[in-house]
Amino acid sequence: MKLSVPGRTAAAAAIAVAGLLTTTAISNAAPAPEAAATPKAAAAPDISVGNVKAHLADLQSVADANGGNRAHGSAGYKASIDQLKKKLDAAGFTTSVQEFTAGGETGYNLIADWPGGDDGQVVMAGAHLDSVSDGPGINDNGSGSAAILETALTVAREKYQPTKHLRFAWWGAEEIGMVGSSHYVDSLAGGDRSKISAYLNFDMLSSPNAGYFVYDDDPTIEKTFKDYYAGKNVATEPDDEGDGRSDHAPFQQAGVPVGGLFSGAETTKSAEQAQKWGGTAGEAFDKCYHSSCDGVSNIDGTALDRNSDAVAYAVWGLSS
């Protein structure tokens, strides 16, 4: 997740440098032929949290081998992009790497399209892949990146054939002002933006003192996520802390319906929130936010499991 208020001045500068550039009636007459039943939406499969954790371990290894981080402009970030692209290519996705410049450094977005579906109706799921320079960025935002990666790989394993076209994206330079996602949105023709029927953003899904926050932007997307959590008897709250601070913002500003999930960052968990979600009142949702300790031990496995399944629930539900 992007730096909060104190970091926004730097973020704006980075964007400037970047030059930035979706009842049947019954009668006594002979019965009429039966109407075709409305097809049911395909049920979303369970996402293996073990596989998601394995992706996080891979991202930790990348950071460990590259100075302890995966920040924009670093070798660690480029290695992260290469690692994910290799997995997606092997699974049958059509991938592309989009380059941009920010802060004098080359940045990269990774876009992965699943073949098929109506390309006039695109459902996108995205997460930023970069970390801050101070740490490996496993909760922020390896967690969102790994969850959508495993969802994409599950799409391939299930040979899912959605009605709408599916696209997954991993953004660069979010931490310095949502530069990668802004570049992507700005590079789209107006007609292509209008084809994006939903953009789903996942930024921090496994905070160790987790909360369950749902973006309250597009009503249909919001209801999709809330229905999933209601089915798990998990209470949710609207996301206020992260509002406008992640990669959904450029899409929303362009008129694309957006939604997403968040497990909390530097804000303190209240007593009421601890009562309904567990965890520790009076402590931050993530004490390691933007710090060197944001490694593989800095996750809540239950939140990661629930939120990864919620990603798939929304992807399947909104694309079928």
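Trainee: What should I know before I start?

Mentor: The model is predicted: local features need pLDDT of at least 70, side-chain atom pairs count only at pLDDT 80 or more, and totals for chains, interfaces and linings use all residues. Residues are numbered from 1 along each chain as its sequence is written, and side-chain values use heavy atoms, with hydrogens and water left out.

Trainee: What order do the strands of the open sheet have?

Mentor: Start with the general idea. Strands of a sheet pair through backbone hydrogen bonds, either parallel or antiparallel. Here, helices (H or I, at least four residues) and strands (E, at least two) are DSSP runs, numbered from the N terminus. Two strands pair if DSSP finds at least two bridges between them. The open sheet has 8 strands in the order β1-β2-β4-β3-β5-β8-β6-β7, and its pairing is mixed. Its edge strands, β1 (94-102) and β7 (237-238), each pair on one side only.

Trainee: In which sense do β1 and β2 run?

Mentor: They run antiparallel, joined by 9 bridges. T94 stands opposite D113 in β2. The two strands form a hairpin with 2 residues between them. In that turn, G103 has a positive phi of about 60 degrees. On to the next pair: β2 and β4 are antiparallel over 5 bridges. D113 has R167 in β4 as its bridge partner. For the parallel sense, look at β6 (residues 213-214) and β7, which pair over 2 bridges. There, F213 stands opposite E237.

Trainee: How many residues of β2 are buried?

Mentor: Buried means under 20% relative accessible area, exposed over 50%, and partly exposed in between (1.4 Å probe, protein chains only). In β2 (residues 105-114), 8 of the 10 residues are buried, so the strand is largely enclosed by the rest of the structure. Now compare G120, in strand β3. G120 has a relative accessible area of 34%, so it is partly exposed.

Trainee: Which residues line the largest cavity?

Mentor: First, the term. On a 1 Å grid over the protein atoms alone, a cavity is a set of points where a 1.4 Å probe fits but cannot get out; lining residues have an atom within 4 Å of a point. The lining here is H55, L59, Q83, L84, S145, A146 and L149. It divides into 4 nonpolar, 3 polar and no charged residues (Ala, Val, Leu, Ile, Met, Phe, Trp, Tyr, Cys and Pro count as nonpolar, Asp, Glu, Lys and Arg as charged, and the others, Gly among them, as polar). Helix α4 gives the most, with 3 residues.

Trainee: Is H55 buried or exposed?

Mentor: H55 is buried, at a relative accessible area of 8%. It lies in helix α2. Contact means heavy atoms within 4.5 Å. Leaving aside neighbours within four places in sequence, H55 is in contact with K87, A146, L149, E150 and L153.

Trainee: What is the phi of A173?

Mentor: Most residues other than glycine have a negative phi, and most peptide bonds are trans. A173 has a positive phi, near 55 degrees. A173 lies in the loop between β4 and α5 (179-187), and counts as buried at 1% relative accessibility. N233 also has a positive phi, near 55 degrees. N233 is exposed, with a relative accessible area of 73%.

Trainee: Which residues does a cis peptide bond join?

Mentor: D140 and N141, with omega about 5 degrees. N141 is found in helix α4.

Technical notes
On a 1 Å grid over the protein atoms alone, a cavity is a set of points where a 1.4 Å probe fits but cannot get out, and a pocket is an open set with protein on both sides within 12 Å along at least five of seven lines; lining residues have an atom within 4 Å of a point.
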